[in-house]
Amino acid sequence: MNARSAAETLRSAGLLAVCLSGGLFALALVILLVGASPLSVAAALWQGAFGSPYNAADTLVQTVPLLLTGLAVALSFRCQLFNIGAEGQLLVGAMAATWAGTSPLPAPLLLPMALLAGAGAGALWSGIAGLLRLYRGVQEVLSSLLLNFVAIQMLAWMVRGPLQEAEKAFPQSDPLLIPARLSLLIPGTRLHSGAVLALLLAVVVWAYLRWTVGGFALRVVGAGPAAAEAAGIPVRRTMIETFLLSGALSGLAGAIQVTGVLYRLSEGFSPGYGYTAIAVALIANLSPLSVIPSALFFGALTTGGPAVQQSIPGVSSVVVQVLQAVALFSLLAYARVRERQSQTAGGVR
Amino acid sequence: MNTALILAFALQSLTYGAPFLFAALGEVFSERSGVINIGLEGLMLVGALAAIMGSAITGDPMIGVVWAMLAATVVSALFALFAIGLKRDQVIVGTTVNFLALGLTGMVYRAWTGGGGRVIPAKTIPALFGNGGTAVNALTLLALLLVPVAHGLLFRTRFGVTIRATGEVPAAAAAAGARVNVLRTLTTLATGALCGLGGASLSIGIASTFTEGMTSGRGFIALAVVVFGRWTPFGALAASLLFAAADVAQARLQAAGWFSVPYPLFLMVPYVLTLVALTVRGARVQSPAALGQSFEQG
Amino acid sequence: MHPTPSVQTPPSVPLLAAEQIVKRFGAFVALDHVDFEIRSGEIHALLGENGAGKSTLMNILSGLLRPTEGRILLDGTAVRFSSPSDAERAGIGMVHQHFLLVPTLTVRENLLLSAERSFGGPLSYPLQRTVEQARAVADRLGWNIPWDSLAGRLPVGTQQRIEILKALRGETRLLIFDEPTAVLTPTETPELFDTIRRLAEEGRGIVFISHKLNEVRDLAGRVTVLRRGKVVFRTTTDATDATGLARAMVGEDSEAALLLNASPPDSSGRRTTTGEAPRLSVDLSLGPELGQHRNRLTEIRFDVAAGEIFGIAGVDGNGQGELADCLSGLQRPDRGAVLLDGVSLPVAPAAFRRNGIAIIPADRQRRGLALPMSITENVALGAYDKAEYRRGPILLWPALTRRAAGLIARFDIRASGPDALTRSLSGGNQQKVVIARALADTPRAVIAVNPTRGLDVGAIAFVYDALRRARDEGAAIVLISTELEEILTLADRVAVLYEGRITGIVPPTTSRETFGLLMGGQGVAG
């Protein structure tokens, strides 16, 4: 990196900081209006997220599904496909993983099959939106969202029907057997080996986009579909592949939640990972490696949120969602300012 | 089936259709002017909470309706600022508005009720006629009356012609003297106000309370209603009633225990129906040509 | 015979005068102290190359843009337009080059869109009155307008008439035509000229913007020539000839002028002689679009030899896009095929490219380039599937970057480096990237579609040079262009496309009249 681009990076980082603090200032005002101190909210958030090794491990546990779904969203947005169905894909992934994990397969096959089934189901769910887009011209924004709602109801039905525990007492599945579970990384915490897998996948997705023909095709289709077609890149196939890959990542996130954290399927286990993923990916500027810190940030918010609610009356965990929105709005403002700057600076002529 | 049952079914469908209809009417104008607003869901949610609070605090449900319109309009102004003023991607801004609305309504509601435990009584909009499930209130009537008004405005005024031109060839509208981004801001704010009404008709019309995320996707279905109704007010009316009828039917069948089908499958019906509707209409529909594109006026 | 002029100003005071107009866009000066005036009843031509500032000046006169400096006088009084409606109220109308019609609205609704404010506010619906007003004008001009059709369904000539009706109100005293003949057939053009002359006889001032010399000489009295934002020449059509106008427009000093106008049709290219196998052999037809009746392409048959430039002329919209798609493998013809050295290729852009057919697409910002990507990535689009640049599924970016750097030097692309985003380049340099990608590996055939559209003279000269060099290196070149001058300058043989058919294949030395007939659908033997 030469001096000029380093200065450029520094300046844009400063600008981002200005935009973010503007957003945080607005949020502080809202918190003040509700009658609490913004500083104590921040302190409680930090305490909840990183206050103890157990809390920090929990933050990482929350980061894993955000990382995977964030990668999923980043992939499809890079291809200009507004697939916002990560939530539904995650849910069907969890269902499929539970089904495979509780099936009468040989023990050593249980875990790999559960993970594969989750990824496959997520890919299929996302593929529906892809097929509708390519063959019927239905906007994926709408179809993938609606599929989320279908998946929520499907989960409700599954835990009361086909996947319900043998005793039929509660709306939940039977627990997964030990061989079907992901191993714990640090005893005494909930941190599981899925975290390593997720990190690895972030690097794989980065390398895919940066170095492979398929990733190049994906980026060209996103940057200029007509140019891609004229250059002989199979646009439709690339789109479908992107839908499938993106869905597989989200589905895997669901499978990892089941095999690594929950060990059984129940309703409402996802606090909207798939929606937060949109914020995760956008704040990471759709770059796979940046998704890692971005997911960690939102993971910390998710873990810290309940702590805020416990320690400060009147401020609820949903402050996290507001924070997401504020961060996104700040980022949008930042992108606008950047655009303005590059316009006035003018290109090379 | 006896006529009373059919009538009850029809009246209830009207009431359940009102939230869709309000939001969809607004979105028809938005999209006709070239703005796709994914944030309908959040705007309705804001309206629903503001309506409950207005009604509970002042004791007058009509004031609740006004609060709903105001609150949702303010939030839609935020959408306008980012999507039209700063020319950010409309889909992303709309999604962000949904985040904001979900979080903000949750935060305010919990703060107001002291953690969400307390149920604060709020008066609902009085029924004009009928009672119980078949009661039809003033908001529902308003939604129905707005349909011909919207149709007239869109197809029988210069304003309507300009709006339609703005969504198809904004440069043509601009050359004819229209201020494209002002018009788009106007339709966005109107969509906000209408979504506020939709939210009110949900929280103090159909229900009498607020729950977090109570719109449960109605805003997204309203987007589908617009496509299904081919971007016309009467089309939106028909589509709204269709989706509402499906909603009512699933509730009634479930209550009557007619089938031994688990209720989640019933709850799935409106969403699946919307997907099917979009699939059937699919490639044959032509959305406004400039939908989602920002415009720079010289 | 004609109604007496409704408004007359004494000849001493011009109807409209622009004085010392300056317009800057950022650091770029689009207009540099320009003076311009129009009198009632005259047709005043504004001549200039693409980017000379003609449209900017007219957009200022019609209220779409505001000048940075300078003033506008109407009947000798200073006025200030803050929007197109201000200019309209002052009696200034504009017929845009790219029609500003809404295709999904009916003709009536389109007229209503731009109807006078005095007809009623936003909530009124003065459709009747608007149409009556327009009908009166249409009747006077002898036009038959289908008022209830959707504007998008009408032929181009009729659409232009609706644009004229939109611009013409009772009070309109000045009418600006921005390159009005660019989209017309040779038969529609004289009809338009009749209309323009009548409008001038009625006492209106007409500004006629063009870069076509013969049209300007045909129609106008006075001529003002703009070059790079400055007035470089003022004359009357009686006092000068086409050469003088051309020299003023292009600039005497510039080498480009020689390249553009002085060079005769090149004779160094080879013709296919009987018995010699053509490099590119085309014989195809393309059926009608869904819901339409007319074939898109009918019996398109021609051969191009290695080392030949084969021009395809014609008015825009006569099948050029479809033919280009068939020649680049994007569109499968319903009958026939494209043969390269006698071999039929699988219909896929990648297959065409791999076999050595290079494409310079018409729309460089959409089809030519992925604008948000770098030069390296954009030129990689032409080579990413070559064995030397990949190892299995892995792309060898260092090698691709080196290749891009080489092409940047070879094709003189002005950029900060291979990593520069193509979005940040000027139009000319963007086109150089497209051309660099197409010509990088000495293609066997080149399909170039309107390769110089929107470029300045220097960039045009570069493109011509690059195409000629590719030809000399043995490529068979198909040049599809709506600029007849361009085709006559470059091509060894010329085919004319009209409504999806070839109306004739002739040498470039053929008379302009013959070309006019061919482009208007009149077949000529031979």
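Student: At what angle does helix 5 of chain C run to strand 6 of chain C?
Tutor: Helix 5 covers residues 156-167 of chain C and lies across strand 6 and strand 7 of that chain. Helices are DSSP runs of H or I with at least four residues and strands are E runs of at least two, numbered from the N terminus. Axes are lines fitted to C-alpha atoms (for helices over the stretch in contact), and angles run from 0 to 180 degrees between N-to-C directions. On that scale, helix 5 of chain C runs to strand 6 of chain C at about 170°.

Student: Before we go on, at what pLDDT do side-chain atom pairs count?
Tutor: Residues are numbered from 1 along each chain as its sequence is written, while chains are lettered from A and ligands numbered from 1 in the order in which they are written. This is a predicted model, where totals for chains, interfaces and linings use all residues, local features need pLDDT of at least 70, and side-chain atom pairs count only at pLDDT 80 or more.

Student: OK, back to chain C: in what order do the strands of the open sheet sit?
Tutor: Two strands pair if DSSP finds at least two bridges between them. This open sheet has 6 strands with mixed pairing. Strand 6 (92-95) and strand 10 (230-236) of chain C each have a single partner strand, so one side of each is left without a neighbour in the sheet. Reading across, the order is 6-7-8-3-9-10.

Student: Which residue stands opposite Leu46(C)?
Tutor: Strand 3 (residues 43-47) and strand 8 (residues 205-210) of chain C pair in the parallel sense, over 5 bridges. Within strand 8 of chain C, the residue opposite Leu46(C) is Ile209(C).

Student: What about Arg222(C), which residue of strand 10 does it stand opposite?
Tutor: Arg222(C) sits in strand 9 of chain C, with His44(C) opposite it. Strand 3 and strand 9 of chain C run parallel and are joined by 4 bridges. Strand 9 and strand 10 of chain C run antiparallel, with 6 bridges. In strand 10 of chain C, Arg222(C) stands opposite Thr236(C).

Student: Which residue in the turn of that hairpin has a positive phi?
Tutor: Strand 9 and strand 10 of chain C form the hairpin, with 2 residues between them. A phi of about 45° belongs to the turn residue Arg228(C).

Student: How many residues of helix 1 of chain C are buried?
Tutor: Helix 1 (residues 54-61) packs on the sheet, touching strand 3, strand 6, strand 7 (174-178), strand 8 and strand 9 (222-227) of chain C; two residues are in contact if their C-beta atoms, placed from the backbone, lie within 7 Å. A residue is buried if 20 or more other C-beta atoms lie within 10 Å of its own, exposed if 12 or fewer, and partly exposed in between. Helix 1 of chain C is largely enclosed by the rest of the structure, because its buried residues number 8 of the 8.

Student: Which residue with a positive phi follows helix 1 of chain C?
Tutor: The buried residues of this helix include Lys54(C) and Leu61(C). The residue that follows the helix has a phi near 85°, and it is Gly63(C).

Student: Which helix of chain A do the buried residues of helix 9 of chain B pack against?
Tutor: Helix 9 (residues 218-228) of chain B has 11 of its 11 residues buried, so it is largely enclosed by the rest of the structure. Its buried residues pack against helix 1 (3-32), helix 2 (40-58), helix 10 (233-256) and helix 11 (263-281) of chain B. From chain A, they pack against helix 6 (140-158).

Student: Is Leu200(A) buried or exposed?
Tutor: Leu200(A) belongs to helix 7 (residues 194-211) of chain A. Since it has 10 C-beta neighbours inside 10 Å, Leu200(A) counts as exposed.

Student: What share of chain A counts as buried?
Tutor: The C-alpha trace of chain A spans about 70 × 60 × 35 Å along its principal axes. Of its 349 residues, the share that counts as buried is 56%.
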